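Me: I would like to learn how to read the features of a model, one at a time. Please give the general idea and then the case at hand.

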Amino acid sequence: MKKIESIIKPFKLDEVCEALNEIGVSGLTVTEVKGFGRQKGHTELYRGAEYVVDFLPKIKIEIVADEKMVDSIIDTIVTAARTGKIGDGKIFVTNIEQVIRIRTGETDDAAI
């Protein structure tokens, strides 16, 4: 099993979720996060004063899936989230050793 974490632009969330639903992803977790990468934030003007916004709003999507689905999930996220501009985000894939469904006690594949 693998955990796929993707950081995307907030306005792309609906498009990414719809695309993931179409390929059969049955569950995911979405979190509002803030951060920056190469874009290093930006400068804004508020009531005549200029200030730097270091952390930009992003969305983190977490999915735990069988290894057979990983490549199609990654391709789907990349296709749906890409704008071609800086700050489109990143995808991280890590190994999951064990999953347990609290309600039933099911483990691993049965718990996903």
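Me: What covers the buried residues of α1?
Reply: First, the ground rules: this is a predicted model, in which local features need pLDDT of at least 70 and side-chain atom pairs count only at pLDDT 80 or more, while totals for chains, interfaces and linings use all residues. Residues are numbered from 1 along each chain as its sequence is written, and side-chain values use heavy atoms, with hydrogens and water left out. Helices (H or I, at least four residues) and strands (E, at least two) are DSSP runs, numbered from the N terminus. Buried means under 20% relative accessible area, exposed over 50%, and partly exposed in between (1.4 Å probe, protein chains only). Contact means heavy atoms within 4.5 Å. The cover over the buried residues of α1 includes β1, β2 (29–35), β5 and α2.

Me: Which residues of α1 are buried?
Reply: Leu-13, Val-16, Ala-19 and Leu-20 are the buried residues of α1. Seen down the axis of α1, they fall within an arc of 135° (taken from the directions from the helix axis to the C-beta atoms), so they line one face of the helix. The face turned away from the buried side of α1 carries the exposed residues Asp-14, Glu-18, Asn-21 and Glu-22. After α1 comes Gly-24, with a positive phi near 100°.

Me: Where in α2 are the buried residues, and what do they pack against?
Reply: Helix α2 (residues 70–81) has 12 residues and reaches 16 Å from its first C-alpha to its last, close to the 16 Å expected at 1.5 Å a residue; the expected span is 1.5 Å times one less than the number of residues. Val-70, Ile-73, Thr-76, Ile-77, Ala-80 and Ala-81 are buried in α2. They cover an arc of only 130° around the axis, which puts them on the same side of α2. Asp-71 and Thr-79 are exposed on the other side of α2. The buried residues of α2 pack against β1 (2–8), α1 (13–22), β5 (56–65) and β6.

Me: How do the axes of α1 and α2 cross?
Reply: Two packed helices are described by the angle between their axes and the distance between the axes. Axes are lines fitted to C-alpha atoms, for helices over the stretch in contact, and angles run from 0 to 180 degrees between N-to-C directions. The axes of α1 and α2 come within 9 Å and cross at roughly 150°. Glu-15, Val-16, Ala-19 and Leu-20 in α1 meet Ile-73, Thr-76, Ile-77, Ala-80 and Ala-81 in α2.

Me: Which residues of the largest nonpolar core touch the most other members?
Reply: In soluble globular proteins, nonpolar side chains tend to be buried together. A nonpolar core is a set of buried Ala, Val, Leu, Ile, Met, Phe, Trp, Tyr and Cys residues joined through side-chain atoms within 4.5 Å. Of the 16 residues in the largest such core, Ile-8, Val-16, Leu-20, Ile-61, Ile-63, Ile-73 and Ile-77 touch the most other members. β1, α1, β5 and α2 each supply at least two residues of this core, and its largest share, five residues, comes from α2. Leaving aside neighbours within four places in sequence, the contacts of Ile-63 include Leu-20, Ile-73 and Ile-77.

Me: What is the phi of Asp-108?
Reply: Most residues other than glycine have a negative phi. Asp-108 has a positive phi, near 50°. Asp-108 sits in the segment after β6 (89–95) and counts as partly exposed, at 31% relative accessibility.
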